[in-house]
Amino acid sequence: MACAVVPLDQQQVTESGPLGKERILPALHPDRKEERCFVPYKPPPEDGSPAEVEEFLEHARFIAEDLEWLLALPHDKFWCQVVFDESLQKCLDSYLHHAPRGLDVATLPLSPAVADVQRAVHKAVFLTFLRMATHKESKEHFFTPAVFGEIIYDNFLFDIPKILDLCVLFGKGNTQLLHKMIENIFTQQPAYYNDLDETLPTVLQVFHTILDKCGLQCEGATAMEPMKLTAEKQPTAMSMNLEELGDVILYLCDSTTTIHAFLDIFPAACSSFHSHGFLGRLPSFYEVAVPELEKAIRKRNFDKSLQEDLWKRLSHSCRKMVETTHLLLHHTCLQPILEGRENKQTFAEELLQYFTSFLPEKRFLVDYDEQFPIADDISLLQQALPVIDETRTSYLLQGVESAWDSTGRRRPHCHIQNNGASSFSTNQGAAGGTAASSDSFGPQEVKESRGEVGDKPRGAEATINDPQRGNNGAVCPVSGPELESLLSCIGDLLPDLGEGFLLACLQEYNYNSELVINNILEDRLAPDLEKLDRAMPRPVKEELPAVLNNRSNVFDDDEFDVFRRERVDMSRIWKGRRKGEDTREMLNDKQHIAEQRARYQAYETVVDEVVVEPGDPAGDAYDLDDYDDEYDDTYDMNQVGANDLDGDSLLNRRPFTVPQVLRKGTKVEHEEQEEDEDEDVSQNHVNRDHFVQDPALLRERAEAKRAAVQQKKSVHTERPSNVVGRPKGRGQTAETFLDRRKKEANKSRVSNHNRRTMADRKRNKGMIPS
């Protein structure tokens, strides 16, 4: 056996040859392939006979058994079979080409046996491709990464069409596995990125082909070349064969679903789609092709089941185109901004530019805003980059509102975003035009595997189906005048019905007057409506309480509360700076002094002397009989100085001394104490006044003291500076040059530097008269 730690592409094995002789072969060799024939896949029969069903079951069981046998092989045997067995690759390719997609499964009458065997084949094919995309299964079984990339690329085990089919077939429920699988393929073999770039022009050609088939590019400014006079006019969606119209819609549905599934699973490919101008091409195609195809489906005479299927596929295509646009915008413009990458301003400008380019495409813009509100993206953009131009964002939001108004549709009150609902609707008139609402399709197992829904026509074409209740809830999607118009339209035809009953019917059937009239006449109302009284009057609206009675504000009942006051002092209200207001007038205004004069007059305590004669009745007011003595007897009870000592005793405690300033005569003066405290020398000086000593003597003593301290500390005395030097022409010593340099370097420390400049500055400011 091969060595366990060697990659499979480097392993060698020993096997016996045809004549029984042993030989050494590489682990990957055509002779090691098992002889086994893998049969191609065929899809389940549509309304087939029991014999056809039995044939399909037997055929599918063979494929499931062969793939299970392949998955059970060892690592080296599995890869020999995968690389060198052509029948295996044909079997896998046939399944990718013919396996029913999600919308196709919904139309097939699958019995339980057919569904089980189809599920088994589906799982086996997915596991086979998953193992083929894995270059390292364990520590013992692995490939060299570079060699693995060459093997899958050179042998066409994977290519871009196969990867697209894998995404659309196995994407639902296996998103993470498929993402790792495709990421590993592109990582180990970067050449697939080049193949993707070469494939994208073909993908864009899909939309050109559909427009050409519908006759939407043969005339006008969109024509590639002038149309010849002798050329036959291209048939349009209204005039082409019904079968061709069905093929066009199927082609559009399959293409848009595949592109969205690939970008959703492998977002790294969004940059390639973005570089090829996919975001500029898709909205314009949507605006031109979708209304024409919708009109053709509604107006032309189809079989009802076929008409519903085509409408469902077209609605599904619309939703996928909108979601694809959102994916490209999110991964190429918005996500780099939210992740904080460099050049965020460039990405923001590009995003706003794309939104601006959507404004002329009214139908596409409304459908996009209904599913992914543009206001939310702009709000995120403003939070990440506060410097965004508000004028531009306001212009975009006003353009979105204008698009809603121009299409005659009404913005829903809440956007419900999930994978199982959509609300692509056509124009709806005041009298109840046709509308497209979401509806599920297919068996429950298909819904679980695909998670998709489609839209079916309403109005006159939906009378064959049971009515569906609208999802508007308690909120009325129409305005008051429009609701009155709908009630009047139905009341003219059915005057015996009450407005309350008609209002309940309109709420039940999403305000579609045609559907309400049809179901009332055919007696096909919903069970809830059958229980109601048909003469029920319209409920009376309860008047809401006044807002002013319930409001609570800190400014209630103040002097400017115009809601509760009939008159407001307008003299205290002005706009801007008050007219006539002047600083000098304000200072000269002494009105506040006059206002305070009366207050301070109450505090006057000074009165004139009043002479009151004895016996005057007015004297009673001044209390003349009260005792009035001016003698201050405050200290009469205190014996001040009684216990003090006499003069002799005070002198004994502290003898009288003459102040030193007034003394004259000899005295003992202590010299300044040196740092050596052990030596104290006292000298007698001549009797002289030392109140003002000689300054020269003081400088001499200080210099002597400083010299003693420096000598004690062994500090070298600095040499005196000599910047004058010898007379000019006799040469200078080195010490003079050094002293001059030192002075030049340190002259800014002296207080006289910059004196002229500061004097000029004072003079300029007027401090010194010039």
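**Notes on salt bridges, rings and a charged patch**

1. The side chains of R131 and E137 meet in a salt bridge, 2.7 Å from N to O. (A salt bridge here is a side-chain nitrogen of Lys or Arg within 4 Å of a carboxyl oxygen of Asp or Glu.) R131 counts as buried at 14% relative accessibility, while E137 is partly exposed at 34%. Buried means under 20% relative accessible area, exposed over 50%, and partly exposed in between, with a 1.4 Å probe and protein chains only.

2. A word on where this comes from: the model is predicted, so local features need pLDDT of at least 70 and side-chain atom pairs count only at pLDDT 80 or more, whereas totals for chains, interfaces and linings use all residues. Residues are numbered from 1 along each chain as its sequence is written, and side-chain values use heavy atoms, with hydrogens and water left out.

3. Back to the charges: the whole structure holds 24 salt bridges. One of them joins D165 to R101, with the closest N and O atoms 3.1 Å apart. D165 sits in helix α7 (residues 160-170) and R101 in the loop between α3 (86-98) and α4 (102-107), so this pair links distant parts of the chain, 64 residues apart. Both D165 and R101 are buried. Helices are DSSP runs (H or I, at least four residues) and strands likewise (E, at least two), numbered from the N terminus.

4. E484 and R538 also form a salt bridge, the closest N and O atoms being 2.7 Å apart. E484 lies in helix α19 (residues 480-493) and R538 in the loop between α22 (527-530) and α23 (547-550), so the pair ties together parts 54 residues apart in sequence. E484 is partly exposed at 38%, and R538 is partly exposed at 25%. Elsewhere, E15, R32 and D76 are linked in a network of salt bridges.

5. On to the rings: there are 24 aromatic pairs in the whole structure. Rings of Phe, Tyr and Trp (its six-membered ring) pair if their centres lie within 6.5 Å; planes under 30 degrees apart are stacked, over 60 edge-to-face, and the rest tilted. F38 and W69 make a tilted pair, because their planes are at 45°, with centres 6.5 Å apart. F38 is buried at 4%; W69 is partly exposed at 25%.

6. W79 and F148 have ring centres 5.9 Å apart and planes at 85°, so this pair is edge-to-face. W79 is in helix α2 (residues 75-84) and F148 in helix α6 (residues 145-154), so the pair ties together parts 69 residues apart in sequence. W79 is buried at 0%, and F148 is buried at 0%.
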